[in-house]
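Please read them alongside the coordinates.

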Amino acid sequence: MKLQGIWRVARCEIAVSISLSPSSPLLIQAPKDDKDNKKETGHAWKKKGDPEKAICVSYERGGKIVYYIPGSSLKGVLRAHTEKVFWHLFPQMQGKEAAEGEEQMAEAKTAEEKSRFYRRLDYVSQLFGHAKFRGRLTVDDAHFLPLGSFDFERRTNIAIDRFRGGSKNGVLFTVEPIRLGKATTCIRLQNPEIWQIAWLCFLLRDWKEGKITVGAKSAVGFGRLEVGIQSLDLHMYDKELEREWEESGVFRNSEVEQGLYRTYRFRQLDDLAKNVEAAWREWMEKGGEL
């Protein structure tokens with residue numbers, strides 16, 4: 001991809017609509033209420049100042065409680081999984097700092113100067129973001145809709161003394177994880193390079209295979225999700241880039257929708273993954289440098 005303003009123009013975008021259903025209890029723990037806080041919390045059904053109850057994050061809409069998985073939580077677990085793999089593939093990049101680049105970034109005025117800073121970042125920061133630079137991958141909140149199409153289970157646990165490693169005498173707390181339900185979200189990859197498209201396919205594959213958990217208590221089996229790919233669209237806005245990727249075979253096994261711009265629709269994740277596999281292998285053989 002050309003050295004230019006990463007976000008100055010929209011060249012292409014991948015949008016993956018996915019469905020999420022808990023295959024084990026799911027607990028995206030909501031923050032506890034402050035006993036001294038007199039403001040309404042939105043959890044009308046929850047007793048204020050109840051520290052012995054762990055509930056799922058939610059908000060109120062139309063007089064009903066809507067439960068959801070924050071997009072930031074989903075993006076966080078995807079980033080954590082990426083770091084585990086990438087620090088194994090590229091150990092020399094772990095802990096890489098761009099202090100010199102950050103100073104230049106603060107003074108950067110042109111799109112080209114900002115792009116040079118982007119190239120100094122490690123691959124994880126290029127994809128998910130950096131304190132000085134937003135990433136290419138974004139994840140929408142996953143709402144459990146329609147309302148009431150989910151179910152909970154209640155579990156009573158014994159609190160653990162973190163100093164001794166044993167249980168606290170007489171201290172019990174209750175968790176109410178979501179056990180059944182279906183949520184939908186969308187993962188977007190803006191102006192990606194081909195290796196980033198390949199890695200998104202690997203991420204979704206690992207997620208579908210249960211290698212990525214979401215939320216609290218994953219050590220006791222919580223947070224596993226059944227991931228379904230509802231749609232996978234590649235929107236192309238740049239004609240030059242489109243011709244380049246067409247020669248590389250990125251669009252094979254896709255259905256083309258013609259409009260103001262072309263949209264390439266893939267029926268299955270593997271259809272896109274196979275198209276970019278060769279580019280990924282070439283990228284890896286060169287040590288991650290193109």
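**Notes on the core, ring pairs and salt bridges**

1. In the largest nonpolar core, which has 63 residues, Trp207 and Trp245 touch the most other members. Helix α5 supplies the largest share of this core, 10 residues. A nonpolar core here is a set of buried Ala, Val, Leu, Ile, Met, Phe, Trp, Tyr and Cys residues joined through side-chain atoms within 4.5 Å. Buried means under 20% relative accessible area, exposed over 50%, and partly exposed in between (1.4 Å probe, protein chains only).

2. The model is predicted: local features need pLDDT of at least 70, side-chain atom pairs count only at pLDDT 80 or more, and totals for chains, interfaces and linings use all residues. Residues are numbered from 1 along each chain as its sequence is written, and side-chain values use heavy atoms, with hydrogens and water left out.

3. Contact is taken as heavy atoms within 4.5 Å. Leaving aside neighbours within four places in sequence, Trp245 is in contact with Cys12, Pro192, Ile194, Ile197, Leu234, Met236, Val250 and Phe251. Ile194 and Ile197 are among the buried residues of α5.

4. Helices (H or I, at least four residues) and strands (E, at least two) are DSSP runs, numbered from the N terminus. Because 12 of its 15 residues are buried, α5 is largely enclosed by the rest of the structure. Just after α5, Gly210 takes a positive phi of about 85°.

5. How many aromatic pairs does a search of the whole structure find? The search finds 11. The rings of Phe86 and Trp195 have centres 6.1 Å apart and planes at 40°, so this pair is tilted. Phe86 lies in helix α1 (residues 71–89) and Trp195 in α5, so the pair ties together parts 109 residues apart in sequence. Rings of Phe, Tyr and Trp (its six-membered ring) pair if their centres lie within 6.5 Å; planes under 30 degrees apart count as stacked, over 60 as edge-to-face and the rest as tilted.

6. Phe86 is buried at 1% relative accessibility, and Trp195 is buried at 3%. Trp195 also forms an edge-to-face pair with Tyr123, at 5.5 Å centre to centre and 70° between the planes. Tyr123 lies in helix α4 (residues 123–128), so its pair with Trp195 of α5 ties together parts 72 residues apart in sequence. Tyr123 is buried at 7% relative accessibility. Ring pairs link Phe86, Tyr123, Trp195, Trp199, Phe202, Trp280 and Trp283 into a cluster.

7. The structure holds 12 salt bridges, each a side-chain nitrogen of Lys or Arg within 4 Å of a carboxyl oxygen of Asp or Glu. One of them joins Glu255 to Arg267, with the closest N and O atoms 2.7 Å apart. This pair links distant parts of the chain, 12 residues apart: Glu255 in strand β15 (residues 255–258), and Arg267 in the loop between β16 (262–266) and α7 (269–285). Glu255 is partly exposed at 38% relative accessibility, whereas Arg267 is exposed at 69%.

8. Glu257 forms a salt bridge with Arg265, the closest N and O atoms lying 2.8 Å apart. Both are partly exposed, Glu257 at 40% and Arg265 at 30%. Elsewhere, salt bridges that share partners join Arg205, Asp206, Glu209 and Lys211 into one network.
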